[in-house]
Amino acid sequence: MSTEPEPTEDAENAEPGTPGAAEQSGEGATAADGDGGSAAQLSEAEAELAAQRLERERIERRKAEKAGPVESGAKLSGKAADLLAAVRAVESGAKPVATVFSESAPRRPAPEPVRRPQPTPAAAPAAPAPETVDAVRRVLSDGGAPEALAPQVAATLGEGAEDVLREDPWLLLRVGGVRPEQADGFARALLGAECGPDDERRGRALTGWLLEQAALAGHTALEMPALTAALTQRGVPDADAAVQSAVAEGEALVFQDALEPTAPAPETAEEAEERPVRILVGLERYALAEESLADGLARLINSVPKEEGSAEAWEGAAASAPDTAAELVRAVSGHGLVLHTGGEASLTEPAALLQAATALGLRAWAATHTPTGRDRFAALCAGRAGAVQGRDGENEPVPGAPGVATVAGLLSGDEGPGRDVDGALDLGLLVVLDAPQLDVETGALLVESLPDGARLVLAGDPGVLWSAGPGRVFADLLAARVCPRIASRRPDLGPLGELVSGIGIGELGQVEAPGKEVVIVPVRDAGEAVHRTVQLVADSVPRAFGVPPEETVVITPGHGGAAGTRALNAALKERLNPGPGRFGGFDPGDRIAYSPAPGRTTTGKVVTADAAGLHLSCAGASVAVPKERVEQSVRHGWALTAHQAVGNRWPAVVVVLPGDAAQSLSRPWVYTAFGRADRHLSVVHGVDQALPRAVAEIPAKPRTTRLPLLLSTQVPATG
């Protein structure tokens with residue numbers, strides 16, 4: 001059986017919890033799975049994962065100290081009450097469900113500041129013992145599954161994996177890429193007549209699998225009816241019992257959320273019965289991260305920022321700042337959390353804020369989603385400070401200029417100001433650019449790393465695609481209205497700025513482009529789309545605009561298909577860097593997209609390869625990818641998906657829209673893809689009216705999250 005899904009660009013195109021949501025994650029196939037070898041030093045991804053493990057352990061300890069699960073609703077009955085009762089049995093085994101839900105749910109106070117230990121990288125997790133892998137390989141062979149899965153299964157299931165898998169064959173679903181029908185076939189081969197669709201183990205495994213698919217589609221939890229409907233669609237006879245079994249085994253958490261959390265607490269049992277609530281089920285990993293994020297944000301919002309500079313000094317800094325930058329400086333002077341929205345031109349405003357804060361004595365840093373975004377913003381800040389910032393992968397701040405790092409580098413400790421004696425980031429102001437790319441886990445790690453009294457600014461363009469990971473942190477905060485929101489009034493200028501701004505409000509208008517800044521190239525089919533794309537990158541754009549092929553990127557909706565990234569990259573490699581692909585399909589000089597961790601892509605090129613693996617150059621830094629990780633984490637990178645491209649910009653961009661991509665298009669996708677171009681945009685157009693229809697009618701797919709409700713119980717709305 002084949003275990004590699006054929007992903008399209010955006011997981012948001014999948015319905016919540018429905019089969020196939022994982023396959024539609026444009027980043028899923030390049031996620032860095034496994035332990036990544038036994039290198040002497042930790043890679044960036046391993047250091048980040050080690051920090052995340054420590055943070056999750058801290059979250060779990062905090063959860064264990066609480067008296068009970070998160071409450072925000074009222075009394076329930078029927079299957080929902082039975083489900084909540086199962087949770088009580090697991091978590092405490094004490095208080096009856098009727099008693100719990102008849103109590104009112106008071107507003108939770110902001111948590112007391114807690115100092116975190118510094119998340120120092122630990123030793124890389126040991127690879128499974130060879131004898132364990134061999135034993136698992138025999139079980140897989142007995143069940144007709146690919147023996148190549150043995151290392152992943154052994155790493156996922158841990159000690160005694162072969163016995164655990166033989167006892168519960170559906171645990172194979174915990175390995176990325178395995179689908180339910182494949183796990184069913186494996187179970188039938190091992191269990192024979194014992195295997196049936198009503199097997200409790202099957203229902204429990206499918207519940208976890210569907211919640212994982214939902215997370216890949218951006219949801220931090222699923223509403224109970226959506227989850228049970230998806231289980232029924234997968235042939236589970238008693239979907240409610242399957243969910244209860246997963247909850248009882250600790251494989252999922254269940255929550256009841258009041259639909260009107262700020263309403264007065266019910267005074268009678270009758271009022272409690274009538275209070276509307278929704279039942280959500282989620283994986284512990286994301287549920288606890290979202291709760292930790294809400295607690296950390298509440299700590300920032302409800303705390304008084306450290307006094308750095310007098311009120312008069314802050315006002316003086318605001319008075320000297322231009323336009324909405326002055327509003328941003330004033331907001332940051334008195335608040336622990338501020339949101340800033342705007343396009344590319346608005347980046348001068350966070351830069352002005354950082355310069356003002358540095359002059360006032362704050363240790364100010366900015367963090368971006370990508371290394372190229374870091375270098376662009378560092379150059380902007382250094383220009384404002386009248387200095388030139390060195391690159392070479394070091395990115396050390398020059399005197400008078402704030403520091404700039406990537407979010408991943410900041411969390412891993414490879415970049416940034418370092419940690420103070422309490423383990424918090426040693427800074428007074430952090431400006432996070434590309435904030436729409438924050439998922440709940442990364443957001444929780446960032447917020448929990450900030451010291452008491454620090455100021456946090458989340459800045460970004462709300463029109464771009466949301467994070468590849470679960471959650472919609474920036475959008476949820478904008479909607480929650482719990483802190484100042486500063487909207488930039490600096491427009492992106494020129495034909496490209498006019499085009500992208502129109503898309504942002506649902507209008508795909510024709511723009512005047514006297515310098516051919518925007519060119520439409522109509523095509524009839526996917527084959528012609530590939531041919532014209534290669535022609536544009538290799539010949540037309542360099543000749544007309546002086547932009548070499550290495551500074552042009554191709555963006556297309558998905559990896560698969562006749563004009564997906566695979567087909568386009570194969571054609572572009574043949575034209576621009578032909579070779580036999582001696583190193584796992586790669587040759588020196590190939591452009592690549594490297595994904596060190598799920599949802600994060602860095603572009604670069606292949607330098608060489610040896611017995612240790614593939615050696616890359618990414619944003620001026622040398623990266624060694626172990627050979628066992630190459631297939632999972634490195635792709636050719638002349639052509640990218642929009643999620644891979646977000647956070648970057650190039651002098652020229654060619655957006656390819658083949659006919660089979662029509663169903664993948666949405667306004668955020670088009671906005672993101674078109675907005676990656678600095679000087680020139682070519683659109684290889686084969687979707688006819690699907691493009692203007694997507695811009696006008698198809699917004700971002702909704703994501704089910706709990707952050708707004710969690711914040712509403714701790715922070716009053718500001719209006």
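In strand S17, alanine 639 is the bridge partner of valine 554. This is a predicted model, in which local features need pLDDT of at least 70 and side-chain atom pairs count only at pLDDT 80 or more, whereas totals for chains, interfaces and linings use all residues. Residues are numbered from 1 along each chain as its sequence is written, and side-chain values use heavy atoms, with hydrogens and water left out.

Q: Which strands stand at the edges of the five-strand sheet?
A: Strands here are DSSP E runs of at least two residues, helices H or I runs of at least four, numbered from the N terminus, and two strands pair if DSSP finds at least two bridges between them. The open sheet has the order S10-S19-S18-S11-S17 with parallel pairing. Each edge strand has a single partner strand, so one side of it is left without a neighbour in the sheet; these are S10 (518–522) and S17 (639–640).

Q: Within what arc do the buried residues of helix H9 fall?
A: Buried means under 20% relative accessible area, exposed over 50% and partly exposed in between (1.4 Å probe, protein chains only). In H9 (residues 224–233), Met224, Leu227, Thr228, Ala230 and Leu231 are buried. They line one face of the helix because, judged by directions from the helix axis to the C-beta atoms, they fall within an arc of 160°.

Q: Is threonine 220 buried or exposed?
A: Threonine 220 is found in the loop between helix H8 (200–216) and strand S1 (222–223). Its relative accessible area is 3%, which means that threonine 220 is buried.
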